[in-house]
Amino acid sequence: MITPRIKTILQDVAPLTNLTVQGWVRSFRSNRFIALNDGSCLENLQCVIDFDSLSEELLKKITVGAALKITGTLQESEGKGQRVEIQATEVVILGVSDPETYPIQPKKHSLEFLRQNAHLRVRTNTFSAIMRVRSALSFAVHQYFRSQDFNYVHTPIVTGSDAEGAGEMFRVSTLDAKNPPLDDNGAIDYREDFFGKETNLTVSGQLEAETYAMALGKVYTFGPTFRAENSNTSRHLAEFWMIEPEMAFYDLDANMDLAEDFIQNVIQYVLTHCEEDLVFLEKRLLEEEKQKPQNERSEMPLLEKLKFVVDQNFVRLSYTEAIEILQNSTPNKKKKFKYPITGWGVDLQSEHERFLVEKHFKCPVILFDYPADIKAFYMRLNEDKKTVRAMDILFPGIGEIVGGSQREERLEVLEERMTSMGVDHKELWWYKDLRKYGSAVHSGFGLGFERLVLFTTGMGNIRDVIPFPRTPQNAEF
Ligand code: 4AD
Ligand code: MG
């Protein structure tokens, strides 16, 4: 039997007789009022029971976390706090929950405690709200690209190439780790491995997406990516989801236009469809910020911040202009940056990105034309031969949320860059083929999905916006 969801019931007009609902007990007070939640929305449904008609034994089983089936009449509520409630005529215990050991009690739990109980934390208001917003955002991503005539491609998870050339990969192998086959030089002989070569989990679907863009024109991938970088920060995961559009005949300007429109569109989607959850998350954030010193609090409440990003044009400036601003900035002169800006060519750290966005421009920023030396081999070299057509989008509280570029479409230039950056030509023969057969200007970017969820929900740690985070030393669940 399919019973209606609480979200629908809360919109119903009372009275309605003989209604059956199923859900989990969030709280039970005065042996009379059950707050029932089924995950369909934040709000609980109040179910009123007449305890004289229930046996002592059954009453004892109505504890926090228990699964119940309740039948009764929906009526206007006399109490405060809810419009309607169910006057129960029948209560069936579907699954008990031991109150002595159930970790999720109706009180405030620390986020750290909830991370240790990631299999149960989605039963709290905070995590159910986050995960509903996450789900809505991923739906909005597909809807956006569909509306813009993109094709969704499934790029491989197991690959032989290192798309970013950063060497941060997880190996995929079926060889006996204790006793691997060796070649004549004493090195591990991957010819005997499952795929007959060295393979790893992908760090990005971009290179394969490029092959499809050069046939279907506009494509995107949206899948898990893996990075074995040992960064234990609140912005890094070892397994995260990335959205990577790739477009033939798009130059860097068109790429930036698309990225900005895309981000604004998906945030607008959740503003429209997830209001209840966002209002709750805004309140949660305000409470949390009361504990922080004044200067560390965000300047805008969550919803206002989201609306601001949707309405505002992002500031666009070159890396060179950004370096000038940073070099002359007060924190740089007063030696407040952990990594001082010494001159042109240095890589920007998150403290610099956040200074630009949060203090200087107070607005999302797109930086472009980065030094070639600090960016990946596939980015298009500018006429100055020093910079590449890269772009990063920087967000308040987050830092880099998007990394992208116009791609190098000239075979000779690409080959030179590959050689000088030590990229394996043999492995990427197929990638070079794209520059031999019908090469054309093309561009794309990657948006870290969890960083987007982090921004949208106002959470502070990336571990709290993915169901089961994978980080160094942690792969529980
Ligand atoms: O800047 P990145 O490394 O770019 C690429 O991978 C390109 N191949 C994308 C493309 O042009 N198709 O990563 C893109 C985004 C970052 O801006 C960041 O938001 C996110 O992916 N990201 C991470 N998110 C969570 N944990 C990590 N360890 C991340 N590394 C990158
Ligand atoms: Mg990047």
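# Worked exercises on a predicted model

A polar contact of 3.2 Å links the side chains of Arg-389 and Asp-369. Keep that pair in mind: the model is predicted, and the exercises below start from it.

## Exercise 1: Arg-389

Work out which element holds Arg-389 and whether Arg-389 counts as buried or exposed.

Solution. Start with the place: Arg-389 sits in strand β14, residues 387–395. Next, take the accessibility. The cut-off for buried is under 20% relative accessible area. Arg-389 comes in at 19%, so it counts as buried.

## Exercise 2: the whole chain

Describe the protein chain by its helices and strands, its span and its buried share.

Solution. Second, the span: along the principal axes, the C-alpha trace covers about 85 × 60 × 45 Å. Third, burial: the chain has 477 residues, and 50% of them count as buried.

## Exercise 3: around ligand 1

Find the residues that surround ligand 1, then pick out polar contacts to ligand 1, including those of Glu-229, Glu-400 and Gly-403.

Solution. Begin with the shell. Ligand 1 is surrounded by 24 residues, and the closest are Glu-164, Gln-206, Arg-227, Glu-244 and Glu-400.

Now go to the atoms:

- Glu-400 places a polar side-chain atom 2.6 Å from an oxygen atom of ligand 1.
- Glu-229 has a polar side-chain atom 2.9 Å from a nitrogen atom of ligand 1.
- Gly-403 uses its backbone: an N or O atom there lies 3.4 Å from an oxygen atom of ligand 1.

Then look at cover. On its own, ligand 1 has 630 Å² of accessible area, and the protein covers 93% of that.

Which strands supply at least two residues each to the shell? Those are β11 (239–248), β15 (399–406) and β16 (442–448). The biggest giver is β15, with 5 residues. To finish, sort the shell by class: 8 nonpolar, 8 polar and 8 charged residues.

## Exercise 4: a pocket and a cavity

Describe the second largest pocket by its volume and its lining, then do likewise for the largest cavity.

Solution. Take the pocket first. The second largest pocket holds about 1,100 Å³ of space. Its lining has 33 residues, with Glu-296, Ser-298, Arg-354, Glu-358 and Gly-397 nearest the centre. Helices α7 (275–290), α8 (302–311), α11 (350–361) and α14 (449–457) each put at least two residues into that lining. Helix α11 has the largest share, at 6 residues. By class, the pocket lining divides into 14 nonpolar, 5 polar and 14 charged residues.

Now the cavity. The count gives 1 cavity of 30 Å³ or more, and the largest cavity contains about 30 Å³ of space. Lining it are Ile-49, Asp-50, Ser-53, Leu-54, Ala-88, Thr-89, Glu-90 and Val-91. By class that makes 4 nonpolar, 2 polar and 2 charged.

## Exercise 5: His-142 and Ile-243

Find the helix that holds His-142 and the C-alpha separation between His-142 and Ile-243.

Solution. His-142 is part of helix α4, residues 125–147. With 26% relative accessibility, His-142 counts as partly exposed. Now jump along the chain: Ile-243 is 101 residues away from His-142, yet their C-alpha atoms are separated by 9.8 Å.

Methods: Residues are numbered from 1 along each chain as its sequence is written. Chains are lettered from A and ligands numbered from 1 in the order in which they are written. This is a predicted model: local features need pLDDT of at least 70, side-chain atom pairs count only at pLDDT 80 or more; totals for chains, interfaces and linings use all residues. Side-chain values use heavy atoms; hydrogens and water are left out. A residue is near a molecule or strand if one of its heavy atoms lies within 4 Å of it. A polar contact is a pair of N or O atoms within 3.5 Å; within protein, one must be able to donate a hydrogen and the other to accept it, and residues adjacent in sequence count only if both atoms are side-chain atoms. Accessible areas come from the Shrake-Rupley method with a 1.4 Å probe; for residues, only the protein chains shown count as cover. Helices (H or I, at least four residues) and strands (E, at least two) are DSSP runs, numbered from the N terminus. Ala, Val, Leu, Ile, Met, Phe, Trp, Tyr, Cys and Pro count as nonpolar, Asp, Glu, Lys and Arg as charged, and the others, Gly among them, as polar. On a 1 Å grid over the protein atoms alone, a cavity is a set of points where a 1.4 Å probe fits but cannot get out, and a pocket is an open set with protein on both sides within 12 Å along at least five of seven lines; lining residues have an atom within 4 Å of a point. Grid points are joined across faces, edges and corners, and a volume is the space filled by probe spheres set on the points. Buried means under 20% relative accessible area, exposed over 50%, partly exposed in between (1.4 Å probe, protein chains only).
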